[in-house]
Amino acid sequence: MNPYVEILRPGNAMMGAIAIILIAIIDRSLNLPIILAMLAVFFETAAGNVINDYFDYQIDLINKPERPIPSGRISLKNGRNYGYLLFLLGTICGFLISYLTNNWIPFIIVLIADVVLYLYAYTLKATPLIGNLAVGFMTGFGFVFGGYTLNNPTIISTSIFLGFFAFVMTTARELVKDIEDMEGDKSEGARTLPILYGAKITSVLAAILIVIDCALCPLLYYYHVFGFYYLIVIAIAVIIFLYSAVLIIRNQDRETAGKVSKYLKMGMLIAFVSFIFGTF
């Protein structure tokens, strides 16, 4: 794969854009602002991935030596400039959305995203819990961004609820990833939660967040946001989430943490699919 495509982590960036697609499906809308919103989220997520790899160069030499920058396929300077270009593209999309809809909240959201993503990569990532919350916040923000792009009060309320769900589960997954990356983080003096307070306490916190999200899932049916088909599909995601919580509490080694991180990502994708089925 071309290193400039690989460093974007396209799957990760597309998962961010899925938030916009889901909001558009719920509202049964497709227009130019929504398409621009998809592009904005893709560019912003990709920019965050690239600039994070730039600042994490030394850590990734240990944790992820195969990535484009630590492997030498992309220079540090080119990686940094590539990240800046992606931020610019995302910001332009945000401006166009606000210009077309005469609503400047989407543009403000993109500007906030620029700042948070850069600060996360530069300093917040090494701050215990704050860095995890920042990633969760940005994931949830994607849904809210979609809601304000459509500028429909009902959809905005739904997007905030879905954003909170994504925020909690993503924060849990980031805690699990910190457990997985402890070795490399220690070598660079990072002050992540598992390093400061231990992998066991971190795993318990992640499990609590997972259980909270699972408890929230039926509310979307109870309050008539989604229909019966939502319950059927979300049940699969809930089983995966709870299984992941049990796994990480039982064992906090790197291999288990890696598996749990993948399971949580899979569960989130299934949850997103349940939102689509819930509209029928």
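User: How many salt bridges does the count come to?

Analyst: This is a predicted model, and its values are computed from it. Side chains of opposite charge can pair when their charged atoms come close. With a cut-off of 4 Å between a side-chain nitrogen of Lys or Arg and a carboxyl oxygen of Asp or Glu, the count comes to three.

User: Which residue forms a salt bridge with D53, and where does that partner lie?

Analyst: The partner of D53 is R67, and the closest N and O atoms of the pair are 3.3 Å apart. The two residues are 14 residues apart and link distant parts of the chain, since D53 belongs to helix α3 (residues 32–55). R67, by contrast, lies in the loop between α4 (57–63) and α5 (76–101).

User: Is D53 buried or exposed?

Analyst: A residue counts as buried when its relative accessible area is under 20%. D53 has a relative accessibility of 1%, and therefore it counts as buried.

User: By about how much of a helix are E174 and K177 separated?

Analyst: E174 and K177 form a salt bridge in which the closest N and O atoms are 3.3 Å apart. E174 is buried, with a relative accessible area of 8%, whereas K177 is partly exposed at 25%. Because the two residues are three residues apart in helix α8 (residues 153–180), their separation is about one helical turn.

User: What is the orientation of α3 and α6 to each other?

Analyst: Two packed helices are described by the angle between their axes and the distance between the axes. The axes of α3 and helix α6 (residues 105–122) come within 8 Å and cross at roughly 20°. Angles under 35 degrees count as roughly parallel, and therefore the orientation of α3 and α6 is roughly parallel.

User: How many nonpolar residues does the contact of α3 with α6 have?

Analyst: α3 passes α6 in a right-handed crossing. The residues that make the contact include I51 and F55 of α3, and V110 and L117 of α6. By class, the contact has two polar and two charged residues, while its nonpolar residues number nine.

Note on methods:
Residues numbered from 1 in each chain as written. Predicted model: local features only at pLDDT ≥ 70, side-chain atom pairs only at ≥ 80, totals over all residues. Heavy atoms only, no water. Helix = DSSP H or I, 4+ residues; strand = E, 2+ residues; numbered from the N terminus. Buried < 20%, exposed > 50% of the residue type's maximum accessible area, 1.4 Å probe, protein only. Axes fitted to C-alpha atoms, helices over the stretch in contact; angles between N-to-C directions. Parallel < 35°, antiparallel > 145°, perpendicular 65-115°, else oblique. Left-handed = near helix turned anticlockwise from the far one by under 90°. Contact = heavy atoms within 4.5 Å. Nonpolar A, V, L, I, M, F, W, Y, C, P; charged D, E, K, R; others polar.
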